[in-house]
Amino acid sequence: MTTRREDLARRIEGRLAGKSGRALWRSLDELSREPAVLETLRTEFPGLPDLAEARVGRRRLLELMGASFALAGLSGCAPAEAPGEAIPYVTMPPGLVPGVARHFATAVTRGGYADGVLAIHQMGRPVQLEGNPDHPASLGALDPIIQASILDLYDPDRSRTMLTAGRVASANGMVKALFDRLPALTARGGDGLRLLTGTVTSPTLARQIGALKRRFPAMRWHRWEADGRDAVRTGAVLAFGRPVDAVLHLDQAKVILAVESDVLDSAPGHLRYARDFARRRRAPEEGRPEEMSRLYAVESMPTLAGARADHRFAAGPDGVEAVVRALAAELGAGPAEWRQGAPGWLAAVVRDLSANRGAALVHAGPAQSPAVHALVHAINEALGAPGRTVSYIEPVEADPVDHGESLKGLAADMAAGRVDTLLILGGNPAFTAPADLDFARTLGKVPFSIHLGSAVDETAVLCTWHIPEAHELERWGDARAFNGTVTIQQPQTRPLWGGWSPHELLAVFDGETRPDGYAILRATWMESFQGKGDAEQQWTDALRLGVVADSAAAPASVSLLPDLATRLPAAPARPDGGTLTALFRPDPWLRDGRYANLGWLQELPRPFTTLTWDNALLMAPATAERLGLQNEDVVEVRTTTGHLRAPVWRVTGHAPDCVTLPFGFGRKVVGRVGRGVGFDAFRLRPLDHLWRLPGVELRKTGETYRLAATQHHQMIDSPDVVRHATLDEFRHDPGFAKRKEPSQSLYPDHDYPRNAWGMAINLNSCIGCSACTAACQGENNIAVVGKDEVLRNRQMHWIRVDTWYEGEAEAPDQTYFQPMPCMHCENAPCEVVCPVGATMHDTDGLNVMVYNRCVGTRFCSNNCPYKVRRFNYFNYAGDDNRLSQSWNPDVSVRARGVMEKCTYCIQRIREARIAADRESRPIRDGEVKTACQQACPAEAIVFGDLNDPDSAVSHRKASPLDYGVLTELNTKPRTTFEARLRNPNPDIQEA
Amino acid sequence: MTAHRGTGHTFRGTLAAFDSPDAMLEALRRLRQEGFTRLEVYSPHAVEEVDDLLGRKPRALPLIVVAAGVLGAVGGFALQYWGMVLSYPLNIGGRPLNSWPAFSTTTFELAALAILLVGFLAFCAFCRLPRLYDPIFDAPGFEHASQERFLIWIAEREGRDDRDLLQRLLPHGEGVRIDEVPA
Amino acid sequence: MSPSPETRADLDRVVEPGVTALSVTVHVSDLVLERRTPRWWWIGFGLSLGLLGLFVVALGWLFFRGVGVWGIDWPVAWGFAIGNYVWWVGMASGGTLISALFFLTRSDWRSATSRIAETMTVFCVACAGIMPVIHLGRWWYFYWLFPYPNTMALWPQFRSPLHWDFVAILVYVIGSVLFWYVGLLPDLATLRDRARRRWQRVLYGLLALGWQGSSRHWRQFKILYGLFAALMAPLVCSIHSIVGLDFAGGLTPGWHETQFPPYFVFGAALSGFAVVLMLVIPLRRALDLTGVITLRHVDVLARLLLTASLLLTYCYLMEVFMPLYRGEEHEITVVMAELGGYYAPWYWAKIILNGVVPQLLWIRPLRLNRPLLFLVALGVVVGMWIERYVIVVGGLHRNYTESSWFVFMPTVWDWATLAGSVGLFLTGFFLALRFIPIVSMFELRELLHKKKTEGGR
Amino acid sequence: MAGVFSPTANIVTKLVLYGLLGGLVTLAGGAWFFPSTTYATGEGIVQPQPVPFSHEHHVGGLGLDCRYCHTSVEVSATAGLPPTHTCMTCHSQIWTNAGLLAPVRQSLATGKPIRWNRVNTLPDYVFFNHGIHVAKGVACTTCHGPVDRMPLTWKGASLRMSWCLDCHRDPAPNLRPKEAVFDTDWKRTAATPSGEQLMTRYHIHPETLSDCSVCHR
């Protein structure tokens with residue numbers, strides 16, 4: 001194998017000799033189509049169908065449609081052409097059955113923290129990710145970002161060769177270059193050797209770095225995570241004197257105050273938290289109304305938690321901190337003067353919290369100041385939360401330090417020329433570093449710098465060496481989850497482009513020329529398994545289950561330090577009227593920009609704004625009103641750190657007097673997808689104001705910039721689409737969501753003797769995280785269409801998450817999320833109007849779509865009252881540059897001119913049906929899970945057989961809250977919703 | 001020798017041309033009284049009375065067309081019934097397989113189609129069209145029949161010489177004698 | 001032929017004095033056979049060809065890239081193509097109504113205008129027939145709508161209004177072409193006999209199929225033509241009812257209208273008469289036909305235009321009244337959106353052009369003022385296109401699901417397709433002007449004869 | 001003035017009309033019959049192969065079971081092609097130097113797979129599953145033809161949609177007892193249960209089998 005890799009490398013070197021800069025990247029791109037390269041790749045992975053051929057194979061569908069229609073139609077498919085090739089293995093991998101999917105447990109990290117996944121393999125290649133039910137952070141669910149990592153794996157824009165100074169180099173060259181430096185370094189005890197990583201939770205990496213430190217005492221290890229949790233860490237240190245991590249138990253929490261909390265969007269363990277939260281919100285319809293939790297939220301920029309809150313209060317950053325301080329004071333954790341100026345509603349909240357001592361919880365997001373976090377710890381203490389609704393564990397991050405300080409130090413040393421060998425393991429600091437560090441320029445001064453990265457990015461081009469990083473699905477590794485649980489990451493395929501893992505790179509320092517990641521990892525664990533019984537057995541179990549048994553972090557016994565209040569930094573001054581504060585927030589999907597080249601994420605509508613393919617300067621409608629700004633007006637943003645131009649977008653429920661600058665966009669050196677998308681907010685983000693920067697000036701430029709939003713009408717008009725009530729109303733009238741249904745019909749009642757598939761979507765559970773949309777996109781080969789098409793409202797998502805506001809646009813009383821897949825109406829209006837019968841019912845009552853019969857009249861879409869059908873206006877799938885083997889082979893790739901829509905994942909139903917029929921038994925409940933159901937962290941979506949009274953879905957539909965949308969049209973939808981319940985605090989309602 | 005040539009005249013005969021339909025009709029009437037049977041009229045537009053004088057009643061075409069219409073309708077409905085109920089029955093939007101109200105429009109249209117096509121073909125058949133050549137076209141002055149003249153063709157009666165008789169019968173019209181119509 | 005003071009008598013005359021069977025025959029056939037092509041023809045034909053070229057380009061790009069080149073989006077998945085289709089097929093009805101319906105009513109003013117009307121129909125239908133095909137996402141599979149035996153063992157879905165429509169337009173194309181051609185036979189024979197150039201005699205000889213004008217031919221001709229007329233009249237109504245059902249058959253608010261079938265028939269008639277007027281007014285001068293296409297014709301057509309406009313206006317009122325009366329929330333939303341929403345300007349333009357302006361024609365002097373009449377007709381033609389456009393997008397852009405509300409923004413290719421189709425029509429019509437007798441000669445001979453026997457009026 | 005056309009014109013007209021009619025009939029007939037020609041279906045067509053593998057010899061002659069090479073046929077959508085190793089299990093012992101088998105040995109040596117030419121293929125939008133058919137008593141030979149008599153493998157059936165539907169609508173005639181599914185020279189005897197009996201035994205419900213979603217996703 002290695003030999004073949006090397007002569008690939010040599011061939012590539014030959015091809016690229018003398019090329020540099022632009023030309024280099026372009027030819028790299030061409031290279032990916034080079035027969036020579038393809039040849040090597042294919043023989044490297046017999047499992048993969050030949051890339052070129054696979055492409056053709058996939059395209060054959062399209063050809064069939066475009067090709068001469070002389071006889072094609074008469075015969076249904078073209079006259080027999082050469083059927084192409086069939087390529088078997090040379091040696092069948094053990095346990096592989098061609099055509100049968102296999103699951104392997106591993107983990108994918110996000111900001112260093114692991115989410116357990118199952119990689120689903122077809123013909124020996126991973127095609128999809130699902131959550132690992134045995135993993136504490138995932139419990140079988142997945143968020144869009146982790147799901148998209150499979151797309152990242154197959155991203156053709158990932159870097160494929162070693163580069164030095166823009167020229168292609170061989171691995172040996174790199175190893176040699178590193179070896180050459182070792183003697184000098186050793187002599188200096190490692191002085192000038194620096195390591196820069198993101199948040200590290202990997203025990204193995206920690207072990208390796210530890211060893212490296214022992215060998216080079218003067219080496220320094222720097223950390224930088226752009227959307228990191230410095231404030232959380234510092235807050236803990238302020239409160240307890242040492243860093244600890246907090247693990248929440250929302251299933252125990254009756255009353256919760258979320259302080260711009262990321263508990264439902266992105267906090268480590270948010271999937272788990274979402275599930276616990278949702279369970280308690282479903283309690284009333286399951287007959288335990290007293291268990292329903294109550295959620296308060298105070299925040300500047302809307303969060304998912306805020307959207308689900310029973311009472312949401314918008315306040316600027318200063319206002320938020322004032323609230324927390326006042327709350328602390330009320331609970332005796334702070335001086336009385338903090339109370340003054342507290343908003344009226346706080347009293348009621350305090351009463352509610354302290355009334356539920358031991359079942360109350362306060363949580364603050366990473367964008368809040370350390371003071372807030374410290375106070376939150378104090379408040380929780382006062383509320384008797386520790387041990388009940390929150391518990392403290394030893395930090396999951398290895399050797400936690402303050403990332404900001406750490407990076408600052410590195411920048412200073414680089415500027416001063418004290419760094420001569422710099423290893424950057426992942427991450428893209430040249431892009432994400434605070435503006436005032438001027439990191440990019442100083443990085444250029446480092447004589448020998450190695451960047452290990454999965455793609456050529458802003459940092460790669462500044463380093464003397466770039467090493468293609470093996471994707472997490474391509475390499476051996478380990479990582480810890482929010483509660484410390486370790487997962488061993490096993491490679492799902494050989495590195496497609498011969499990437500290196502950080503473990504392997506560090507091992508080069510131990511004199512290894514071809515380090516073996518597997519051996520390195522195994523060493524760590526064999527050691528730690530020693531003396532705990534059969535190490536080999538534990539190792540295989542860990543691999544099989546995807547978690548290392550009882551590896552969760554030890555609980556930390558901490559006690560609150562006295563006189564916390566006095567040690568806190570002063571509260572931020574309330575900005576005098578008029579001046580705006582800028583809030584820096586990560587884009588929900590691109591985070592710090594590392595996912596910018598993933599089409600799925602670019603096109604996934606952002607919560608609240610429903611924006612795609614762009615970031616925007618977000619502000620409250622009132623603020624926009626005051627400044628005379630409309631959506632899409634371009635303004636010049638001036639701060640002490642610089643200025644940039646950004647389009648404006650109004651966000652209902654945003655706090656006044658502050659504007660949000662989402663970062664992660666505006667990448668410069670990036671693949672084809674992420675190029676020229678959005679503006680770079682990092683350019684304004686200073687180190688000492690990572691999350692909020694006062695004194696921003698906006699100047700209207702008079703220009704406008706079109707933004708691609710997917711929902712243009714968000715204020716609820718018709719009361720029937722989203723039905724809701726308060727807990728009390730529900731108690732008095734449980735059937736409030738029911739309406740009079742049309743009783744008689746012209747049409748006969750079809751009966752569905754075998755199965756009657758149906759879906760129930762619980763609006764009490766749904767947190768609007770879009771995991772369903774992303775999962776559906778991956779499972780069903782849904783194409784990415786690009787900004788121009790979204791501007792024409794041609795996005796293809798089969799299940800969309802509608803976002804509704806009620807009340808006045810300023811501060812909406814309520815935000816509702818409603819996932820909308822196909823309703824699979826029994827009297828489907830779409831079917832009747834199709835002139836070729838391309839869509840019809842099957843015996844299980846599914847509203848199915850035969851893509852290849854569709855001629856594209858689009859009448860079905862016009863006639864669909866729910867507007868859930870999507871049309872291929874162009875050859876979207878064909879124009880997509882993703883590698884052909886990344887498509888799901890169980891689902892047709894749709895061609896130009898064809899209508900498509902949610903099929904309840906018919907491919908999964910058919911698979912289960914065949915399995916069941918082979919054993920001549922009925923399909924068991926839960927045997928078929930749709931992709932959206934699988935991914936939903938909140939268990940909002942349940943799918944199953946309506947003929948089976950004991951099926952989960954039948955139970956859901958038996959709920960009094962169950963209702964169908966637009967049933968007055970006598971469409972008889974199979975997909976129904978459970979109405980949303982709110983649990984408002986009566987005291988506040990009166991106020 | 002008396003073989004019909006489509007337009008119903010024999011080789012020998014007389015072609016009389018008139019400037020007005022009334023004169024033509026007058027002559028025709030007299031010819032009938034004298035017992036001339038094999039006559040044909042060529043005119044630039046239809047003249048109602050001619051048919052009565054020549055005693056010809058059209059019946060076939062309407063019947064054929066009606067029959068075609070009925071067949072078209074029945075066939076049209078049968079086609080749809082076959083496709084939707086018998087050949088490949090599918091549950092389309094929960095509608096009954098035999099959605100006859102929905103089939104009615106197509107049934108009507110197909111009936112109309114049958115009428116149009118059959119009607120035209122039958123018309124061609126009855127008029128023996130297309131027939132690019134006919135001896136009558138070679139008759140001198142015949143081209144006026146499509147413009148402003150009204151012609152009567154009087155077939156010569158076997159073994160009789162009607163010249164004087166015709167002279168008498170058509171005094172005002174200028175009769176034209178044709179000896180031989182080149183075949 | 002200067003416009004003499006128009007008295008009652010003038011308005012009753014369908015033929016000016018001094019026009020004889022021969023003079024008509026000679027004049028009309030010489031237009032085709034003898035007269036050298038006038039400059040205005042060349043100019044007009046050139047422009048038409050230019051537009052036709054645009055059509056070709058537009059379709060080429062469409063076929064190459066896909067229907068995405070148009071502005072259609074989600075939820076507005078139908079745009080210009082369908083609007084154009086309804087518009088063209090509507091105008092086509094004008095010819096059929098005049099030549100079929102008024103044949104049955106034995107209206108003597110029909111004879112001189114029928115040929116122009118029918119020819120117009122043929123080319124309108126051609127334009128209409130193209131639209132539904134090119135609007136398909138995969139137009140190259142349009143023949144899947146034919147019920148033909150295939151190895152997929154599949155059939156079209158006969159319940160779909162689109163399929164009714166497909167059959168209807170097919171029958172209508174065949175019908176109007178046959179009707180037109182049968183009506184042409186005697187005149188083609190006349191051309192054959194009057195032609196002096198060899199190629200003309202051969203050409204028209206072939207086209208005339210050997211028509212002799214014998215009593216036998218005339219007899220069968222009369223029957224067939226009567227039957228066709230009796231069939232085409234209801235057929236044309238069925239076409240537009242079905243086109244109406246394309247929308248009424250769907251449950252989209254604003255489309256699901258019981259009144260649509262008659263509504264569309266009225267609309268079709270209105271636009272049809274308008275186009276005939278737009279053609280007749282200039283042609284009677286340009287081709288020196290004032291002798292046979294008299295003020296009476298103009299007057300009658302204008303009255304018909306007015307009548308149709310009144311009928312349609314009633315439908316417009318109902319279109320607003322019924323939803324309010326039914327009180328169905330979404331339908332009201334759509335009505336309100338049309339009255340005051342994004343498409344309000346279009347909506348009101350349609351009301352003014354189709355409903356208000358034609359009311360001028362109550363006044364006879366205005367009715368007889370040809371330039372004004374031409375403008376009114378032009379307004380109606382434009383107005384009718386707008387009506388179709390508003391119907392198509394109106395219901396879709398304010399559908400049941402508020403979260404999908406969005407508007408339709410046409411692209412340059414939408415406009416190119418529309419303009420191009422006009423080019424196709426004009427090209428065809430100009431060719432017809434040059435090569436076929438644009439007035440039915442034999443019918444006029446018949447008419448003149450009838451008039452004479454009735455006593456020379 | 002003489003007429004435009006001579007008498008021959010009428011004959012020519014007739015000829016042209018009959019010609020058109022004939023042409024139309026031929027065209028329709030052609031369109032009707034062409035799809036069922038082997039040219040269109042590829043039925044019975046042999047594909048050239050890198051190694052002239054003979055099912056006749058291996059199955060008919062040596063009596064190898066289908067599953068020996070097509071291992072996944074019972075459990076998977078695809079029957080599976082034998083890896084080079086499978087060939088070598090025998091051919092490392094016998095015919096070790098046969099020139100015909102050079103490509104096989106080379107494949108093993110170089111690790112480059114043998115590139116066979118497909119004989120049967122379906123469009124990408126059709127999803128066929130071998131496992132379920134085998135499980136319900138549809139034999140290999142039912143669709144692939146008399147494999148045991150194929151010196152070089154040819155396409156056994158048209159694989160047209162209508163061909164699939166024929167069986168999905170009326171499976172009975174094509175069913176045999178499960179245990180005989182891989183038996184290439186099986187004959188229906190008086191003892192064999194009827195197709196109807198097998199349908200009940202294997203719970204086959206034709207009314208569900210012509211659902212579009214059975215094959216199209």
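Let's start with the contacts in chain C: among those between residues at least 6 apart in sequence, 81% join residues at least 24 apart. Two residues count as in contact if their C-beta atoms, placed from the backbone, lie within 7 Å. A word on what you are looking at: this is a predicted model, where local features need pLDDT of at least 70, side-chain atom pairs count only at pLDDT 80 or more, and totals for chains, interfaces and linings use all residues. Residues are numbered from 1 along each chain as its sequence is written, while chains are lettered from A and ligands numbered from 1 in the order in which they are written.

Staying with chain C, its secondary structure comes to 16 helices and zero strands. Helices (H or I, at least four residues) and strands (E, at least two) are DSSP runs, numbered from the N terminus. Along the principal axes, the C-alpha atoms of chain C fill a box of roughly 70 × 60 × 40 Å. A compact globule of 457 residues would have a radius of gyration near 23 Å, and chain C agrees because its value is 23 Å. That radius is taken over C-alpha atoms, and the globule rule is 2.2 Å times the number of residues to the power 0.38.

How much of chain C is buried? Buried residues make up 59% of its 457 residues. Here a residue is buried if 20 or more other C-beta atoms lie within 10 Å of its own, exposed if 12 or fewer, and partly exposed in between, with C-beta atoms placed from the backbone.

Now to chain A, which has 33 helices and 39 strands. Its C-alpha trace spans about 90 × 80 × 70 Å along the principal axes. With 991 residues, a compact globule would have a radius of gyration near 30 Å, and chain A, at 28 Å, agrees with that. Buried residues make up 61% of chain A. Of the contacts in chain A with a separation of 6 or more, 73% are between residues 24 or more positions apart.

Let me zoom in on one residue of chain A. Val263(A) is found in the loop between strand E10 (255-259) and helix H10 (270-281). Is Val263(A) buried or exposed? Val263(A) counts as buried because it has 25 C-beta neighbours inside 10 Å. Leaving aside neighbours within four places in sequence, its contacts are Leu248(A), Ala258(A), His270(A), Tyr273(A), Ala305(A) and His363(A).

Chain B next. Chain B has six helices and four strands, and along the sequence they follow the pattern β-α-β-α-α-α-α-β-α-β. Buried residues make up 43% of the 183 residues in chain B. The domain assignment, which is automatic or from a database, gives domain 1 (13-58 + 138-178) and domain 2 (60-127) of chain B. The C-alpha centres of these two domains lie 45 Å apart.

Chain B averages a pLDDT of 83, and 86% of the residues score at least 70; pLDDT is the predictor's confidence in each residue, from 0 to 100. Over residues 1-10 of chain B the pLDDT is below 50, yet this stretch has 22 contacts in the model beyond near neighbours in sequence. Residues 177-183 of chain B also stay under 50, with eleven contacts beyond four places in sequence.

On to how the chains meet. Between chains B and C, the contact takes 48 residues from chain C and 54 residues from chain B. Which helix of chain C gives the most to the side that touches chain B? That is H8(C), with 15 residues. The residues on that side of chain C divide into 25 nonpolar, 15 polar and eight charged. In that count Ala, Val, Leu, Ile, Met, Phe, Trp, Tyr, Cys and Pro are nonpolar, Asp, Glu, Lys and Arg are charged, and the others, Gly among them, are polar.

Chain C also meets chain A, where 43 residues of chain A are in contact with 44 residues of chain C. H28(A) gives the most to the chain A side, with four residues.

Last, the nonpolar core: a set of buried Ala, Val, Leu, Ile, Met, Phe, Trp, Tyr and Cys residues joined through C-beta atoms within 7 Å. The largest has 494 residues, and those with the most contacts inside it are Leu617(A), Leu151(B), Val276(C) and Leu305(C). Helix H8 (residues 215-248) of chain C brings the largest share of this core, 17 residues. A second, separate core of ten residues includes Ala79(D), Val138(D), Leu175(D) and Val181(D).
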